[in-house]
Amino acid sequence: MKVFKIKEIKIFYDEKLDGGGTTFGQLYVPIVRKLIGKSKTCFEAFSGPAFIGFSLLANNLCEELVVADINPEAINYVKLTVSENNLSRKVRYYIADVLDGIPESERFDLVVGNPPHFNEFTISKYCHECSSIEMLKTYDAGWELHKRFYESIHKFLNNGANIILVENSEGSNEKDFIEFIQKGRLEYVNTIHPTLNDIIEALYINIRGLNLNFGISKVIKNLPYSIYRLAFLIGFRIYEPAIKNVSFYSKFYFIWSRYR
Ligand SMILES: C[S@@+](CC[C@H](N)C(=O)[O-])C[C@H]1O[C@@H](n2cnc3c(N)ncnc32)[C@H](O)[C@@H]1O
């Protein structure tokens with residue numbers, strides 16, 4: 001079992017359940033802070049161990065959090081995180097097939113999610129012989145999961161609620177989803193590409209969250225954010241791991257819609 005620590009919250013998980021929530025998923029923190037600010041009830045769909053939702057909560061961008069995933073193992077880790085951090089008054093969790101399994105009484109103000117990113121035409125860019133857990137994390141045949149999500153999410157939304165899903169430009173293009181959004185009684189607002197500042201902040205959350213207490217990681221982990229950011233801005237064009245990280249994080253885009 002591993003622990004990813006964000007401010008005061010320790011998130012428990014198994015590495016095989018991490019679908020990017022510890023890395024590019026942390027781009028949500030600067031993006032939500034800039035675009036939306038604080039919301040009352042946040043929902044993380046396709047949550048896995050809920051790295052994104054717990055991070056929004058730890059960063060004071062949500063008052064309460066609801067999470068759901070089809071994989072009971074992931075929800076068991078969420079349960080552990082809730083009990084170990086005394087969060088039972090702020091966090092609710094469900095095993096759900098997309099949204100089937102979420103009580104009709106739930107209402108959300110902000111929905112985030114890192115769904116499977118590849119369909120039958122693009123999955124080969126990710127892997128050829130995926131294990132079953134990799135398939136569960138990455139494969140959405142015919143975009144059926146996206147379709148079902150956008151078709152029903154309005155039933156759980158307060159007026160003015162924002163929905164921001166993260167997608168991978170190697171697996172899709174925003175045009176794949178705009179029709180589903182409109183059919184789901186939502187208004188497409190924009191597609192957000194992370195800025196260099198967003199990437200630096202997400203990398204900082206990642207490095208501080210992981211228990212890396214050796215070599216340069218230990219030094220970096222203990223730097224204040226302002227110094228880390230400055231060092232990154234000076235060094236990222238010549239330091240190979242930084243260049244690779246910026247190019248990896250830049251593949252992800254955020255598709256923003258709203259319920260009116
Ligand atoms: C890309 S992973 C994201 C996991 C985690 N949110 C993160 O960011 O690391 C996609 C998640 O979708 C979940 N999933 C796949 N099919 C699903 C379905 N039909 N209903 C709900 N969740 C599903 C998987 O179990 C997995 O946790």
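This note goes through the sheet, the hairpin, the helix contacts and the ligand shell of a predicted model.

1. The sheet. Strands of a sheet pair through backbone hydrogen bonds, and they do this in either a parallel or an antiparallel way.

2. Strand E4, which covers residues 62–69, runs parallel to E5 and is joined to E5 by 5 bridges. A place to look for this pairing on the structure is Asp69, which stands opposite Ile95 in E5.

3. The hairpin. Strand E1 (residues 2–6) and strand E2 (residues 9–13) run antiparallel, with 5 bridges joining them. Val3 stands opposite Phe12 in E2. The hairpin of E1 and E2 has 2 residues between the strands, and Lys7 takes a positive phi near 50° there.

4. Helices H1 and H2. Two packed helices are described by the angle between their axes and by the distance between the axes. Helix H1 (residues 28–35) packs with H2 at an angle of about 55°, and their axes are 10 Å apart; H1 and H2 are therefore oblique to each other. The crossing of H1 and H2 is right-handed. In this contact Tyr28, Val29 and Val32 of H1 meet Ile52, Ser55 and Leu56 of H2, and by class there are 5 nonpolar residues, 1 polar residue and no charged residues.

5. Helices H6 and H7. Helix H6 (residues 144–152) and helix H7 (residues 175–183) pack at an angle of about 30°, with 7 Å between their axes. Because angles under 35 degrees count as roughly parallel, H6 is described as roughly parallel to H7. The crossing of H6 and H7 is right-handed. On the H6 side His146, Lys147, Tyr150 and Glu151 take part, and they meet Phe177, Phe180, Ile181 and Lys183 in H7; the residues of this contact divide into 4 nonpolar, 1 polar and 3 charged.

6. Helices H8 and H11. Helix H8 (residues 196–209) packs with helix H11 (residues 240–249) at an angle of about 110°, and their axes lie 10 Å apart. H8 and H11 are therefore roughly perpendicular to each other, and their crossing is right-handed. H8 contributes Leu196, Ile199, Ala202 and Leu203 to the contact, while H11 contributes Asn245, Val246 and Tyr249. By class, the contact of H8 with H11 has 6 nonpolar residues, 1 polar residue and no charged residues.

7. The ligand shell. Which residues come nearest to the ligand? Of the 23 residues around the ligand, these are Gly19, Gly21, Phe46, Gly48 and Ile70. By class, the residues of the shell divide into 11 nonpolar, 8 polar and 4 charged.

Technical notes: Residues are numbered from 1 along each chain as its sequence is written. This is a predicted model: local features need pLDDT of at least 70, side-chain atom pairs count only at pLDDT 80 or more; totals for chains, interfaces and linings use all residues. A residue is near a molecule or strand if its C-beta atom, placed from the backbone, lies within 6 Å of it. Ala, Val, Leu, Ile, Met, Phe, Trp, Tyr, Cys and Pro count as nonpolar, Asp, Glu, Lys and Arg as charged, and the others, Gly among them, as polar. Two strands pair if DSSP finds at least two bridges between them. Helices (H or I, at least four residues) and strands (E, at least two) are DSSP runs, numbered from the N terminus. Axes are lines fitted to C-alpha atoms, for helices over the stretch in contact, and angles run from 0 to 180 degrees between N-to-C directions. Angles under 35 degrees count as roughly parallel, over 145 as roughly antiparallel, 65 to 115 as roughly perpendicular and the rest as oblique. A crossing is left-handed if the near helix is turned anticlockwise from the far one by less than a right angle, and right-handed if clockwise. Two residues are in contact if their C-beta atoms, placed from the backbone, lie within 7 Å.
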